[in-house]
Amino acid sequence: MTHSDRTDAVFEAFHSLSDEEWLHVLTASVSTREVCGVRMPDFPPDDTQREIHGHHGEVSIHEAHVFYREIKAYCAYAGRPVRPVRPETALLDFGCGWGRTARLFMKDVRPQSLVSVENTDRFLMAARRANPFLGFLQAGPVPPLPMVSESLDLVTSWSTFSHLDEFLSGQWMQEFHRLLKPGGLVVITTQSRRFLAFCAEQRLRRASGMRLEHPWHEACADSFVDEARANSDFEAGRFLHASSAKPPHFQAHYGEAIIPRNYVLKAWGGLFRMIEYLDNPVRLPQVLIVLQKIG
């Protein structure tokens with residue numbers, strides 16, 4: 001087995017690079033399968049990437065890199081920096097899609113300590129085909145995961161908690177608490193209050209006869225149709241969720257979600273200390289929530 005075929009080849013070749021240098025490597029890998037003599041992971045078909053994120057290729061990598069840098073900055077701020085050497089960081093990426101976020105951390109975390117989970121079969125298979133160097137687990141709709149308690153330092157999740165309802169969000173937060181070591185971190189994103197106006201805009205565009213650009217925009221147009229009530233619920237710190245499916249169909253647990261800051265404090269405050277609730281579209285298109293396990 002050559003160096004470039006080893007599962008840790010990417011880590012060994014690039015772990016000393018700065019985050020910006022690493023970004024250049026990743027963007028180069030969009031168009032070439034080998035960078036600096038190292039075999040890089042493939043990319044899923046563009047249509048698969050667009051289905052998940054609305055874009056693909058370099059644009060998708062740049063968006064993930066922004067999230068990646070925020071994660072690393074807040075981990076350092078909380079006194080739990082991402083470490084490539086002993087003590088190594090053990091990271092779980094939840095709702096990984098095609099494995100985009102985990103790919104960013106291949107420079108910082110050895111493959112045996114970097115695990116991703118995904119519920120959607122098609123996305124899971126796309127992740128495994130594109131990146132055979134990492135482990136991708138099938139996640140059921142509800143916990144538990146087949147992992148040892150207090151075995152993780154960090155859980156990340158991009159845009160998964162912008163879709164799960166209150167029940168599933170709470171179930172998975174309890175599972176993260178079980179899996180994290182004392183003081184371990186959870187870094188997730190959810191939709192902001194601005195999303196209510198975005199949904200209203202999609203309804204107006206559709207009503208005017210304009211063709212919406214993406215099937216997700218159609219779903220948004222059907223979400224939070226009572227905008228005044230949704231804003232009132234947000235101000236009251238209530239969990240907001242809209243779904244096209246109705247109970248008892250399990251798909252009703254998935255849709256569009258907005259999690260207010262006061263909800264996080266009230267519902268999850270017994271499990272986690274809030275490090276950050278960042279609602280700044282200049283830095284990230286979604287709200288960033290950073291929590292640290294209590295105990």
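Which side chain makes a polar contact with the side chain of E256?

## Glutamate 256 and its surroundings

The side chain of E256 makes that polar contact with the side chain of W216, at 3.1 Å; a polar contact here is a pair of N or O atoms within 3.5 Å, where within protein one atom must be able to donate a hydrogen and the other to accept it, and where residues adjacent in sequence count only if both atoms are side-chain atoms. The model is a predicted one, in which local features need pLDDT of at least 70 and side-chain atom pairs count only at pLDDT 80 or more, while totals for chains, interfaces and linings use all residues. Residues are numbered from 1 along each chain as its sequence is written, and side-chain values use heavy atoms, with hydrogens and water left out.

E256 belongs to strand β9, residues 256-258, with helices (H or I, at least four residues) and strands (E, at least two) taken as DSSP runs numbered from the N terminus. With a relative accessibility of 5%, E256 counts as buried, a term that means under 20% relative accessible area, as against exposed at over 50% and partly exposed in between (1.4 Å probe, protein chains only). Leaving aside residues up to four places away in sequence, E256 touches several residues, including S162, H163, F195, H241 and A242, contact meaning heavy atoms within 4.5 Å. The C-alpha atoms of E256 and T190 are separated by 9.2 Å, although these residues lie 66 residues apart along the chain.

## Serine 192

S192 sits in the loop between β7 (180-190) and α8, and at 3% relative accessibility it counts as buried. Its side chain reaches the backbone nitrogen of R194 at 3.1 Å, and, not counting residues up to four places away in sequence, S192 touches I258, D279 and V287.

## Packing of α8 against α10

The axes of helix α8 (residues 194-207) and helix α10 (residues 227-235) come within 10 Å and cross at roughly 170°, so the two helices are roughly antiparallel to each other, the term for angles over 145 degrees. L196, A197 and A200 of α8 make the contact with E227, A230 and N231 of α10.

## Cysteines

A search of the whole structure finds zero disulfides, a disulfide being a pair of cysteine sulfur atoms within 2.5 Å. For C96, which is buried at a relative accessible area of 6%, the nearest cysteine sulfur is that of C75, 18 Å away. The sulfur of C220 is 4.6 Å from its closest cysteine sulfur, in C199, which is too far for a bond; C220 counts as buried, at 0% relative accessibility.

Definitions and conventions: Axes fitted to C-alpha atoms, helices over the stretch in contact; angles between N-to-C directions. Parallel < 35°, antiparallel > 145°, perpendicular 65-115°, else oblique.
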